[in-house]
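This report covers the fold, the confidence, the surface and one annotated region of a protein chain. Please read it alongside the model.

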Amino acid sequence: MRHTKVEADGTYIKPPHAKINYSAMVHVRSYMLTGQAIMLSMALNIATRYSSVRRQGQIDKRPAALDSV
């Protein structure tokens, strides 16, 4: 951690504020959430496209899944 220090004799120096250590953790969590939201939107797009052209049952004149809604 860049805000804490350990001296050569082994004494630990605390950061000026206790919350300063959590800023990097919060940044990484927000980055992870953004990445997961992008992946979820891509999966939802694929699922919607697939279900819009998928036919139910045998290949005959039945409507697609979204045509009956």
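## Fold

The protein chain has two strands and one helix, arranged along the sequence as β-β-α. Helices (H or I, at least four residues) and strands (E, at least two) are DSSP runs, numbered from the N terminus.

## Basis and confidence

This is a predicted model, in which local features need pLDDT of at least 70, side-chain atom pairs count only at pLDDT 80 or more, and totals for chains, interfaces and linings use all residues. Residues are numbered from 1 along each chain as its sequence is written, and side-chain values use heavy atoms, with hydrogens and water left out.

The mean pLDDT (the predictor's confidence in each residue, from 0 to 100) is 81 for the protein chain, and 74% of the residues score at least 70. Confidence is highest in α1, at 91, and lowest in strand β1 (residues 5-6), at a mean of 85.

## Surface

Of the 69 residues, 4% count as buried (under 20% relative accessible area; exposed is over 50%, partly exposed in between; 1.4 Å probe, protein chains only). The accessible surface of the protein chain is about 6700 Å², with 63% belonging to carbon and sulfur atoms; areas come from the Shrake-Rupley method with a 1.4 Å probe, and for residues only the protein chains shown count as cover.

V26 lies in helix α1 (residues 22-53) and is exposed, at a relative accessible area of 52%.

## Annotated region

The unreviewed UniProt entry places a "transmembrane region" at residues 31-48; such annotations may be inferred rather than shown by experiment, feature names are shortened, and positions follow the numbering used here. Over residues 31-48 the chain is 100% helix and 0% strand, with the end C-alpha atoms 26 Å apart.
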